[in-house]
Amino acid sequence: MSRSLILHLGLIAVLFALNFVLPPYAHGNIARVMTLAVYAIGYNIAFGYTGLLSLGHAMFFAAGMYGAGLLLRFTDMGALPAYAAGLAAGGALALAVGLLALRTAGVSFMIVTLMFSQAVYLAILYFGEWTRGDEGFVIASADRMIAGVDLAAPQARYLVAWGLFSVALMFLLWLVRRPSGRVFVAIRENEDRARLLGYDTFRLKLLSLVISGVISAASGAAYAILFGYAGASFAGVQYSIFPMLWVLLGGAGTVIGPFLGTLFMFYLIDLSSGLTDAYMLIAGVALIGLTLFAPQGIAGEIRRRFWKDLP
Amino acid sequence: MTKSIDRPQSASRRSALKTLGAAGAAATLPLWARYTNAQTAEPIRIGFQKHVTGIGAAYGRWYDRTSQAAVAKINAEGGINGRMIELVTEDDGTDPKRGAEVLEKFANQSNCDVAFGTLFSHVVIGSAPRAGELKLPYFVVSEGHHVASGMLNRWTLQPGITDVKSQVQAMAPFVSNNLGKKVTMIFPDFAFGHDHRDYFSKAIEAQGGQVLEMIAIPPTETSFTKYFPKIPRDTEVIYHVMVGPAVLTFVKEMGEFFGPSRPEIFGFIDSLEAVDLSSPGLDFLEGTYFWEGMPRYLQPDAADYVKSYRDAVGVDENGASTEDAKDVSTAAHMFGCWETLHIIKAGMEASGYSGPGDRQALVEAVEAMTDMPAGIEHPQGAKVFNGKTHQVFGSQYISQVEGGKLIVKHTASIEDTLYPDEVDYTTQSF
């Protein structure tokens, strides 16, 4: 078994073990961090591995959240089919946006994805009759059951979040080690050269964006079902910036980085807000420090210093 | 202009001195009170979900001042069941995700007995499911219809402030009898505006009036001139509920559009909470009407308990901070924190609350409440609590801008605010 496999399976094992020992507040926090780390993993595929700097990923997160949430609100189809619908919504949106936005690159791609995401956000407000707009809506506890298991119960919520995170993490590890994952990196490093080598880079970038969109939607749908709420703030621009921040902090283009970044950011806010009202200042200084002294993020720095082939 | 700025400052200096003196005297009370109780009981911990950052920060600042004043008063009077109360404040960033996390922190880490104090509806709706799961009594001060609509759960209550549905429908009789029957509504195109659109249009029709036009303004809009030509010429009343930083532009551009010949104008003070009415461009509002949850300006006939409440919070006669005349309060909403803390006290005393094991009894005790007479515990006015819908009902004020101040012209009765129950939370299990 390779060292990297041991590292990632080890993380999964540790998170599983933590389920039994964490005090209640930390238990809830880690469940939430794992759910949102899936979003960061999704973002990392597009940004960290393929070099697609998107400023609009909140639309994919929201597609999952509303794809599942609206079905649970208006139908009796149950949590699992609604969850699958959330994934499909994220994938379909990523395909449609990708077909248009990938005609651009660099700064233009950022702006186009930002515009699409704002359009989705405003659409959620506009169709307030169904979405309850900025207020959002509660997903009833009766709809948050899978096979008689209440996902609102702390243990079930944690284990579902853990399962989802484990699948996303191992999928990413598998993806980046197989040829198509390596071509994503080739596109990131030098798209012209990849094209020269005969790769259809548009198709591969589209594939990367769709995978990224589906995984982001998986996180959004899970958040709605596990935490019982869907609201337009999750489609706002700050929720497009968060995954970028998490990935940059944890280490763009690393498998473990998104989780580390999400965890770091959560506790940075949670702990510093206990010290002062000006906690955003502490968070800002910490981020500047990390950018200055570990520009490749936590896992990126580990790779640079100690572990050259960390995936 | 200069005089009108000078006058409140000198007044505020006087009242600041008075308040400081009173606060100095009162401040000694909690010390001995705490001393006598410290050995027998831990404080009751009330988790205060405060909007410190984000769009709700101005409200958060005043919700905090009001809550601190109420806690100081309650502690000075001996606390609750002989125990002092302590506010455990956490910033929710006016964000529903962080709001839910903060509730978890209250319940699982800071050992709070209850959670309290949220205003923005999306934070309430994002947090309430967690309150239900954590079985943490969650007293919101939001004025949203979310509680009474049945969307939330048995652990979430709104006993200290009325909801938007009752407020809006109570305005219709006054508008149709005094201002006109042909109304054009201008509202932001999101949930808050949609609530006004839906509830007011029904209520005004029930009064024999009609809504001629509904003009929804997209939330990203920064200039409004293109919308004003949509106002029908035979409009008698404009009903506006614009909120956010663009409201000053909105009022200024509306003034430029109409000039001296305008229809009657009625708005919700939510647009101008924490905004100084003497701000440039707002002079067009002279003579227009506003809903107020509680009057911002000290009215000539104000009861003594209203004055005591305002002094305790540190509000001068213009509704600004006694320490800074430019720091205008959110008077129409923040009284809800004061009243809610007194209801928590009454509920804990009625249920003999001694710790988290009695949380269910506390919710049941509050559900059993009905009449809440006006007084220092309820300075906004008398209220009726509906235990089934977890929502309180109370009087509403309609004020007119006169000489740059809001003067109360009409008080809508509690009966005007009532509507049929949409939920019975008492049938839900805990």
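**Figure 1. The two domains of chain B.** Chain B is divided into domain 1 (2-162 + 300-394) and domain 2 (165-292), with bounds that come from an automatic or database domain assignment. The contact between them takes 13 residues from domain 1 of chain B and twelve residues from domain 2 of chain B; two residues are in contact if their C-beta atoms, placed from the backbone, lie within 7 Å. The side of domain 1 of chain B that touches domain 2 of chain B has five nonpolar, seven polar and one charged residues. Here Ala, Val, Leu, Ile, Met, Phe, Trp, Tyr, Cys and Pro count as nonpolar, Asp, Glu, Lys and Arg as charged, and the others, Gly among them, as polar. This is a predicted model, in which local features need pLDDT of at least 70 and side-chain atom pairs count only at pLDDT 80 or more, while totals for chains, interfaces and linings use all residues. Residues are numbered from 1 along each chain as its sequence is written, and chains are lettered from A and ligands numbered from 1 in the order in which they are written.

**Figure 2. The contact between chain A and chain B.** Chain B gives 27 residues to this contact and chain A gives 24 residues. On the side of chain B that touches chain A, at least two residues each come from β2 (85-91), α3 (96-108), α4 (121-134) and α6 (191-206) of chain B. Helices (H or I, at least four residues) and strands (E, at least two) are DSSP runs, numbered from the N terminus. With seven residues, α4(B) gives the most to this side of chain B. By class, the side of chain B that touches chain A has twelve nonpolar, seven polar and eight charged residues.

**Figure 3. The fold of chain B.** Chain B has eleven helices and 15 strands. Its radius of gyration, taken over C-alpha atoms, is 21 Å, close to the 22 Å that the globule rule (2.2 Å times the number of residues to the power 0.38) gives for 430 residues, so chain B is as compact as a globular protein of that length. The C-alpha trace of chain B spans about 70 × 50 × 35 Å along its principal axes. Of the 430 residues in chain B, 53% are buried, meaning that 20 or more other C-beta atoms, placed from the backbone, lie within 10 Å of the residue's own.

**Figure 4. The fold of chain A.** Chain A comes to 14 helices and four strands. Its C-alpha atoms fill a box of roughly 55 × 45 × 45 Å, taken along the principal axes. Buried residues make up 51% of the 311 residues of chain A.

Key: Buried ≥ 20, exposed ≤ 12 C-beta atoms within 10 Å, placed from the backbone.
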